[in-house]
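Please look over the structure shown here together with its sequence. The report that follows is meant to be read alongside both.

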Amino acid sequence: MNTLTAVEALEQRLGDPFDPANPHGFDALLAAAEARRPQDPEPWRVPSGAPEPVLHALRAVCRRSPALAGTAGAGAGAADEALAVGACAGALDSALRITLRHLRGRRLYGAAAADLPVLRSVLSGAFADLLLCDALTTLAVRGTDALPDRPDATAHAVTAFVPRVLQGALDRLSVVMGSRFYIREGDHASFQRLLHETQRALFGAGRRTPERDPAAPFPLDALLAAPAVTGLYDPALLAAAPGRALNGRARRTPQPTGSAHERLYADLVDRHEANLALDLTRRPLPDRP
């Protein structure tokens, strides 16, 4: 069974996370959390194997619950750090879908919220950040030495930079979703559960490499200009990722503008409506838009 076929089989087994009748969906996970009822680990189990297919399988679990990815039963040796961080891109995938659905059903200033340019730019920015994180973690799990003169660059990117980018994207989406922490069902509750579980997962991954200063700059531009990265996705769109500003101690993350924003937003919507993953694989999903 090839890489994507194995992941697609896992996705089909876990089903559409937005389906209220799905025992592995968001509603069921929320109900189980409220009742403090543990999940049966068997349906969530990820087969062991080479790092890259394991990454995508763990990402399928993280799309529903980053907490369950820690008990999915897979391991890949030296690539474990990249797997732990890279899998969390699955949570950002779901957070983006939840936010897009929410905005499409909400009206602001007499118009659909999803039509407001400022909110669209937040979505396209979070999508660009997801792709940026996927490109960097893909390098790591493949063991690609993109910068021979800086062999530590990829490791620093994955263990110190990518967690900040993922967390920043989720934080910006949480602002768009609104501060409705009292809601214990539906989209807001599912989003908050994903946010909190991802925070814990990223914190745990960061503790594995305490010697790295997460705010220390590294040659991100050179890394993203390497042929191993430019072949993964359009470099002009990766350059628009707000998270790039986090390479160092910057706190402001400018959102995509112009044609980069328009292309990113169109790609995001196309994938959402076609039930395709938001990461570099564009693999089919069981979700219904």
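Predicted model: local features only at pLDDT ≥ 70, side-chain atom pairs only at ≥ 80, totals over all residues.

Residues are numbered from 1 along each chain as its sequence is written, and side-chain values use heavy atoms, with hydrogens and water left out.

The average pLDDT (the predictor's confidence in each residue, from 0 to 100) is 89 for the chain, and 89% of the residues score at least 70.

Helix α7 (residues 117-142) has 26 residues and reaches 37 Å from its first C-alpha to its last, close to the 38 Å expected at 1.5 Å a residue; the expected span is 1.5 Å times one less than the number of residues. Of those 26 residues, 21 are buried, so α7 is largely enclosed by the rest of the structure. Here buried means under 20% relative accessible area, exposed over 50% and partly exposed in between, with a 1.4 Å probe and protein chains only. After α7 comes G143, whose phi is positive, near 70 degrees.

A search of the whole structure finds 2 aromatic pairs, where rings of Phe, Tyr and Trp (its six-membered ring) pair if their centres lie within 6.5 Å, and planes under 30 degrees apart count as stacked, over 60 as edge-to-face and the rest as tilted.

| Pair | Centre to centre | Angle between planes | Type |
|---|---|---|---|
| F18 and F26 | 5.1 Å | 90 degrees | edge-to-face |
| F161 and F218 | 5.3 Å | 65 degrees | edge-to-face |

The second pair links distant parts of the chain, 57 residues apart, with F161 in helix α8 (residues 153-177) and F218 in the loop between α9 (186-206) and α10 (220-225). F18 counts as buried at 15% relative accessibility, as does F26 at 3%.

R64, in the loop between α3 (51-62) and α4 (66-69), is buried, with a relative accessible area of 0%. A polar atom of the R64 side chain lies 2.7 Å from the backbone oxygen of A60. Leaving aside neighbours within four places in sequence, R64 is in contact (heavy atoms within 4.5 Å) with residues including E11, F26, W44 and P286.

Terms used
Helix = DSSP H or I, 4+ residues; strand = E, 2+ residues; numbered from the N terminus. Polar contact = N/O pair within 3.5 Å; in protein donor to acceptor, adjacent residues only side chain to side chain.
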